[in-house]
Each structure stands twice: as C-alpha cells, then as structure tokens.
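Hello,

Here is the structure I promised to pass on. Please open it beside this email and follow along.

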Amino acid sequence: MRLPVLASLLGRMPIAMVSMSLLLFARQELGAFWVASLISGGNLIGVALGAVAQGRMQDRLGPTKPLLIASAGLIVFSVAEILAVSAKATPVLLVALSVGIGLSQPNVGSASRALWPRVLTDPHQRQAAYSYEAISQEVFFILGPGIAGALIALPWHGTGVVVAVGVMAFGAVAFALTPTVRSWGPEQEQSKASLLGPLAAPGMRTLALGALGFGLAIGFVEVAVQAAATRSGAPSAGGLLLSLWSITSVLVGVFYSLRPVPRPLGLRLPALLGLFGVFIGLMSLPGELIGLGAVMLVAGSMLAPQSATHSVLIETVAPKQMAGEAFAWVITAATLGLSVGQSISGQLVDASGPSLAFVVAGAAAVVVAALLLMLHRTIRPPDTAAPAQFELATAGR
C-alpha cells in the first residue's frame with residue numbers, strides 16, 4: 001500500500017481546493033457571491049453524480065481505466081471554465097462547466113478506501129486504516145482552504161484552480177498506475193441488484209442521509225465563513241479559518257479511533273451530527289474573526305469522527321461486492337449536501353449576513369440528526385432481518 005497511499009495523498013489533497021478555488025476565482029472576477037456560490041455548488045453536484053458513476057465503474061472494471069479517463073476530462077473542463085470565467089460568460093454556461101469539472105473529478109477517495117479491505121484481513125487493522133483515511137482527509141481540509149486563500153492573493157486569481165486541478169490529476173494518474181491498483185480487476189461476482197446498487201439496503205440509505213446532513217452543514221459554513229472574512233476586510237482569512245477548524249478534527253480523530261463513542265454503531269451518526277449542529281449554531285454569536293475561529297476549533301472536533309464512522313458503517317450496511325460504489329454514495333450524499341448548503345448559504349449571506357447562515361446550518365444538522373435517531377435500527381447487515389441480534393453481535397466492537 002505504500003505507493004497507492006503516497007499517490008492518493010496527491011490525488012486527494014486538493015479535494016477542498018477545487019470548489020473553494022472556483023468560488024474565490026469567480027467571486028473576484030464576477031463580483032457577486034450568489035453567482036460564485038452557484039458555480040461552486042454546480043461543481044459539487046457534478047462531484048456527487050460523478051462519484052457514483054465512477055464507483056460503479058471501478059467495481060466492475062477496476063479503478064485504473066475510470067481514473068485515467070476522468071483525469072483527462074478534468075483538465076479539459078477546467079481549462080474551459082477558466083476561459084469562460086475570464087470572459088465573464090453567462091451564469092448558465094459557467095455552472096454547466098463547473099458541473100463538468102465535478103463529474104470528471106477523479107474519485108480517488110472511494111477507490112482508496114475500498115482498496116484497504118482487499119489487502120487487510122484483520123478488522124482492527126482496517127479500523128486503523130479507515131481512521132487514517134478520515135484523519136488524512138481532515139489534513140487536506142486544513143491545507144486546502146488555506147492554500148486556496150493564499151493563492152487568491154496572487155496577481156492572477158485563477159492560480160488556485162490551476163494548482164488544484166494539476167495536483168489532483170497527477171495524483172490520480174499515479175494512483176491508477178501503481179501495481180496494487182492495477183491488480184484490482186473486475187469483480188467476479190457481479191451484483192444483479194436494482195439501479196440503486198448498495199442504496200437498496202436500508203442501512204445504506206440511513207448512512208447516506210447522515211452523510212447528506214454532514215455535507216449540508218459544512219456547505220453552509222464554508223460560504224458563511226468566507227462572507228464573514230470579507231465583511232471584516234480580510235477576505236484571505238476565510239481560507240485560514242476553514243483550515244483552523246480541521247486542526248482539532250485531526251487531534252480528536254486520533255483519540256476517537258481508539259475509543260469511539262457511542263459504542264452502538266446505530267447511535268454514532270445521530271449523536272455526532274447533532275453535537276456538530278449545536279457547535280455550528282454557536283458560530284453565529286462571535287462578532288469578530290478571532291471569536292469565530294475559537295468556536296470553529298470546538299466544532300472541528302466532530303469532523304474526523306463522523307468521517308471515520310461513515311467508513312466503518314459501510315462495512316456493515318453495504319454488500320461486499322459493491323464497496324467502491326458504496327463509498328462513492330457516501331461521497332455523493334456529502335457532496336450534494338455541500339452543494340445545497342453552499343447555494344442556500346450564499347443567498348442568506350447576501351440577504352442577511354453570515355450569522356443567519358450559521359443558525360440555519362446548525363438547525364439543519366440537528367433536524368437530520370433527529371431523523372437518524374429514528375432510523376438507527378436500520379444500521380445492520382443488508383440481509384439481516386433482526387436488528388437485536390446484530391446489536392448483540394456488535395456490542396463489543
């Protein structure tokens with residue numbers, strides 16, 4: 001796994017840079033948050049749709065060919081988007097191209113996560129690997145917005161887009177061509193399930209709902225923090241603030257992987273998301289960026305634990321032969337949430353300011369957490385009809 005891990009680091013590092021760089025680039029060139037947020041949201045919608053399609057192709061063909069094709073498409077759509085933004089094209093065209101960027105964004109994340117069960121047979125080692133994936137993802141969220149915020153200060157505002165796309169495409173190609181990944185061939189047992197794939201399992205739908213709420217809250221926060229920084233006269237500080245809340249995510253994620261709470265798997269999603277929503281709501285209180293950063297440090301403690309929980313639950317609720325697509329559905333749900341959150345947050349920010357966006361984000365997360373609590377008994381293997389037996393079997397996990 002050494003070569004795939006190193007290559008996937010490059011392929012996934014810009015994951016928080018692409019949409020953020022597009023948002024900042026469009027904001028600087030076009031001068032309106034609502035247009036910029038639609039472009040960024042369109043990119044995330046494309047990621048959501050592309051992740052599922054690529055995940056299904058990876059399960060059936062192996063990851064190499066889908067990743068190589070996606071990387072080429074990413075470069076083409078990104079060049080077209082940069083030219084269109086610079087020419088101040090119509091919003092419809094700009095959003096359409098940003099969707100194309102998302103569709104072709106190489107889905108290295110789900111391929112990397114689905115690769116671990118193929119090389120690790122020990123469940124404790126897999127738990128450690130999933131925790132690594134979640135923690136490393138938070139490192140990317142630390143670096144990504146900060147780098148995007150720094151690059152927007154350069155004379156040409158599109159530098160961040162070029163850097164993000166270039167690093168992502170290079171990492172995806174390198175990952176796809178490693179011997180370990182190339183040896184991942186098509187699944188011998190092809191599923192004859194419905195078009196929903198792993199979503200046909202009730203537990204998988206509950207997990208997708210949790211990922212949707214998780215992404216929704218983050219999408220609200222990303223735009224609201226940028227708006228708060230811009231209104232304070234320090235637009236480049238927005239990326240740094242978004243990097244800040246991932247610091248505690250990494251620290252807490254390490255300890256959470258050792259002693260996850262709550263112990264019952266079905267209760268982890270609602271507990272973590274509900275607490276996350278409360279912390280986000282508190283972001284509406286500080287009037288200065290320093291106070292906002294302090295609250296974000298607290299809220300960030302809920303990021304990595306939720307990501308790690310998503311990976312652990314996939315092993316329980318998804319059919320084994322659909323691991324790649326199952327991971328892709330989680331990414332899709334979270335990305336759809338991000339897109340919706342960013343789009344609505346842009347409207348609220350322009351109308352009433354960032355404080356309202358923080359309040360709505362927190363309330364939305366709490367509502368989704370309540371729904372997850374009602375559905376927690378669906379968190380069981382897809383062919384298991386008796387939740388109580390599953391809870392007894394996993395009580396010591």
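Leaving aside neighbours within four places in sequence, Asn43 is in contact with Val18, Ser19, Leu22, Ser98, Val99, Ile101, Gly102 and Gln105. Asn43 sits in helix α3, which covers residues 33–61. Its relative accessible area is 1%, so Asn43 is buried. Keep in mind that this is a predicted model.

Next, the aromatic rings. A pair of rings is described by the distance of the centres and the angle of the planes. How many aromatic pairs does the structure hold? It holds four.

One of them joins Trp116 and Tyr132. Their centres are 6.4 Å apart, with 75 degrees between the planes. That pair is edge-to-face. Trp116 belongs to helix α6 (residues 108–119) and Tyr132 to helix α7 (residues 123–151), so the pair ties together parts 16 residues apart in sequence. Are these two residues buried or partly exposed? Trp116 has 11% relative accessibility, so it counts as buried. Tyr132 has 27%, so it counts as partly exposed.

Now look at Trp245 and Phe276. Their ring centres lie 5.8 Å apart and their planes meet at 35 degrees, so this pair is tilted. The pair links distant parts of the chain, 31 residues apart. Trp245 is in helix α11 (residues 237–258), and Phe276 is in helix α12 (residues 265–282). Both Trp245 and Phe276 are buried.

Which residues do ring pairs link into a cluster? They are Phe214, Trp245 and Phe276.

Best wishes

Definitions and conventions:
Residues numbered from 1 in each chain as written. Predicted model: local features only at pLDDT ≥ 70, side-chain atom pairs only at ≥ 80, totals over all residues. Heavy atoms only, no water. Helix = DSSP H or I, 4+ residues; strand = E, 2+ residues; numbered from the N terminus. Buried < 20%, exposed > 50% of the residue type's maximum accessible area, 1.4 Å probe, protein only. Contact = heavy atoms within 4.5 Å. Phe/Tyr/Trp six-rings, centres within 6.5 Å; stacked < 30°, edge-to-face > 60°.
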